[in-house]
Amino acid sequence: FDMFKCLASCNGADAVAHRAPDAGKFNVEEEAFTEAFRASVRATSRSQERECIVVCYSREALGQSGAGHFSPIGGYHEESDS
């Protein structure tokens, strides 16, 4: 994750990294992060600028093979929250 941010910055991107709170019992910190993430995805999806959001997540947590995975967010559908 840190290496991805560094590589992006070294190649001219204005990269900002955010880490999700530790998984566990749903709490105020997780709720605030989730709302901020949704707001960022909405804003980036609507932007005319050259912006993107890339997420890094554990494929293992989703029952997939492999470990970490980087994926761009291509859009957001508010009604289904997906």
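## The largest pocket

The largest pocket of this predicted model has a volume of about 1600 Å³. Its lining comprises 39 residues. Those that lie nearest the centre of the pocket are His18, Phe37, Ile53, Val54 and Val55. Helix 1, helix 2 and strand 1 (54–58) are the elements that give two or more residues to this lining. Helix 2 supplies the largest share, with 9 residues.

By residue class, the lining of the largest pocket divides into 24 nonpolar, 7 polar and 8 charged residues.

## Overall architecture

The chain contains 2 helices and 2 strands, arranged along the sequence in the pattern α-α-β-β. Taken along the principal axes, the C-alpha atoms fill a box of roughly 40 × 30 × 25 Å.

Of the 82 residues of the chain, 5% count as buried. The chain exposes about 6700 Å², and carbon and sulfur atoms supply 52% of that area. Among contacts with a separation of 6 or more, residues 24 or more positions apart account for 23%.

The structure holds 5 salt bridges. One of them joins Arg42 and Glu78, whose closest N and O atoms are 4.0 Å apart. Because Arg42 lies in helix 2 and Glu78 in the segment after strand 2, this pair ties together parts that are 36 residues apart in sequence. The side chains of Arg46 and Glu78 also meet in a salt bridge, with an N to O distance of 2.7 Å. Arg46 likewise belongs to helix 2, so its pairing with Glu78 in the segment after strand 2 connects parts 32 residues apart in sequence.

Glu78, at 43% relative accessibility, counts as partly exposed. Arg46 reaches 56% and so counts as exposed, the cut-off being over 50%.

## The network at Asp81

Glu35, Arg38 and Asp81 are linked in a network of salt bridges. Asp81 is found in the segment after strand 2 (68–72), and its relative accessible area of 35% makes it partly exposed.

## The salt bridge of Asp2 and Arg19

A further salt bridge is formed by the side chains of Arg19 and Asp2, at 2.6 Å from N to O. The pair links distant parts of the chain, 17 residues apart: Asp2 is in helix 1 (2–10), while Arg19 is in the loop between helix 1 and helix 2 (28–46).

## Selected positions and distances

Cys10 is placed in helix 1. This cysteine has a relative accessible area of 60%, and because exposed means over 50%, Cys10 falls in that class. How far apart are the C-alpha atoms of Cys10 and Arg42, which are 32 residues apart along the chain? The separation is 26 Å.

Asp14 is located in the loop between helix 1 and helix 2, and at 74% relative accessibility Asp14 counts as exposed. Asp14 and Glu51 are 37 residues apart in sequence, with a C-alpha to C-alpha distance of 9.3 Å.

Methods:
Residues are numbered from 1 along each chain as its sequence is written. This is a predicted model: local features need pLDDT of at least 70, side-chain atom pairs count only at pLDDT 80 or more; totals for chains, interfaces and linings use all residues. Side-chain values use heavy atoms; hydrogens and water are left out. Helices (H or I, at least four residues) and strands (E, at least two) are DSSP runs, numbered from the N terminus. Buried means under 20% relative accessible area, exposed over 50%, partly exposed in between (1.4 Å probe, protein chains only). On a 1 Å grid over the protein atoms alone, a cavity is a set of points where a 1.4 Å probe fits but cannot get out, and a pocket is an open set with protein on both sides within 12 Å along at least five of seven lines; lining residues have an atom within 4 Å of a point. Grid points are joined across faces, edges and corners, and a volume is the space filled by probe spheres set on the points. Ala, Val, Leu, Ile, Met, Phe, Trp, Tyr, Cys and Pro count as nonpolar, Asp, Glu, Lys and Arg as charged, and the others, Gly among them, as polar. Contact means heavy atoms within 4.5 Å. Accessible areas come from the Shrake-Rupley method with a 1.4 Å probe; for residues, only the protein chains shown count as cover.
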